[in-house]
Amino acid sequence: MKTQALREVFGETLVELGAQYPNLVVMDGDLANSTKADKFEVAYPERFLEMGIAEQNLMGAAAGLSTLGLIPWISSFAVFLTHRAADPLRMLVAQTHANVKIGAAYAGLLTGYTGKTHQDVEDLAIVRAMPEMVVLAPADAVEARAMMHWATAYIGPVYLRLARDPSPVLFKEDYVFEPGRVIRLKEGADVALVSTGVQTPRTLEAARLLKKEGVHATVLHVGSIKPLNETELVEAVGEAALVVTTEEHNVYGGLGGLVAEVLSAHNPKRVVRIGIQDVFGESAPNEFLLEQHGLSPPKIAQRVLEEVR
């Protein structure tokens, strides 16, 4: 299966958007070579603003530029934008409904051996709780590109969660992003697996492993964390007695919490949340981290089998 890194498509799509929107600017926190925003710098140096290692100032400046009719895309690591810059994100961007787009790179566990200081596994909980924010987590490069085009046309703040490393491409090139949509990737009657971001391909692979064990799983992708079409989620889960969420995020406040909130209100059923069990990460190879936190396809399949048997 073809793979592509979301950070690569982030840089490439910024260049595409730069040609379409002459008022688009990119504001970087001294990480453009890692986030690949440097592709935009090469194409449009006069619209690339290097703000240095000062994320709070970066967030405030982006809010200010948005009032002048510019469309700022912020480029930095997720952990710096949702933690260090949480106050200006809340006060200056979310509360004013500023037209700021946040490219949150290196989100989740797999951040190239940077360890717990850089692994942001709390970002969805933080940003999802802020009124006015749109929160998106693409499953692959195709969806990331589509989300970026949608976000740039949308008037208001958008948080885009981007992983560092290559991941499988699930969607066809003609994919069209629809905010709030719940996407059914596989049909099965025994259990409903719900995932988001680049954890979705791993969950889909887990469903294939489960099929070999005689367990047939529905696989749902929730790329639009906020807004979410709650009716679609309830209908997509259907009659499944067990719902299992998987996410490269703390089990508190992320996708698992969102799914539990919606189902408890509209269609109560048992929800098992697979994710990071309220601990910080560590510096280690990707495969070790996925195994350690139960997020690899075999570990997901094993956990589901334990729950259904």
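Which residues does Leu14 touch, not counting residues up to four places away in sequence? The first legend below has the reply. This is a predicted model, in which local features need pLDDT of at least 70 and side-chain atom pairs count only at pLDDT 80 or more, while totals for chains, interfaces and linings use all residues. Residues are numbered from 1 along each chain as its sequence is written, and side-chain values use heavy atoms, with hydrogens and water left out.

**View 1. Leu14 and helix α1.** Leu14 lies in helix α1, which covers residues 6-20. Helices here are DSSP runs of H or I with at least four residues, strands are runs of E with at least two, and both are numbered from the N terminus. From its first C-alpha to its last, this helix of 15 residues reaches 21 Å, close to the 21 Å expected at 1.5 Å a residue; the expected span is 1.5 Å times one less than the number of residues. Leu14 touches Val26, Ala37, Phe40, Trp73 and Met148, leaving aside residues up to four places away in sequence. Contact means heavy atoms within 4.5 Å. Leu14 counts as buried because its relative accessibility is 0%; buried means under 20% relative accessible area, exposed over 50%, and partly exposed in between, with a 1.4 Å probe and protein chains only. Other buried residues of α1 include Leu6, Val9, Phe10 and Leu17.

**View 2. Helix α9 against helix α13.** Look here for helix α9 (residues 199-212) and helix α13 (residues 297-308), whose axes come within 8 Å and cross at roughly 55°. That angle makes α9 oblique to α13. Axes are lines fitted to C-alpha atoms, for helices over the stretch in contact, and angles run from 0 to 180 degrees between N-to-C directions. Angles under 35 degrees count as roughly parallel, over 145 as roughly antiparallel, 65 to 115 as roughly perpendicular and the rest as oblique. Residues of α9 in the contact include Arg202, Ala206 and Leu209, and those of α13 include Ile300, Val304 and Leu305. The contact residues divide into nine nonpolar, two polar and two charged. Here Ala, Val, Leu, Ile, Met, Phe, Trp, Tyr, Cys and Pro count as nonpolar, Asp, Glu, Lys and Arg as charged, and the others, Gly among them, as polar.

**View 3. Helix α4 beside helix α6.** Helix α4 (residues 55-66) packs with helix α6 (residues 86-94) at an angle of about 5°, and their axes are 9 Å apart. The two helices are therefore roughly parallel to each other. On the α4 side, Gln56, Met59, Gly60 and Ala63 meet Pro88, Leu89, Leu92 and Val93 of α6. This contact has six nonpolar residues, two polar and no charged.

View 4. Most residues other than glycine have a negative phi, and most peptide bonds are trans. Asp30, in the loop between β2 (24-28) and α2 (32-35), has a positive phi near 65°. With 43% relative accessibility, Asp30 counts as partly exposed. Lys36, in the loop between α2 and α3 (38-43), has a positive phi near 75°, and Lys36 is buried at a relative accessible area of 18%. A cis peptide bond, with omega about 5°, joins Lys226 and Pro227; Pro227 sits in the loop between β12 (224-226) and α10 (230-237).
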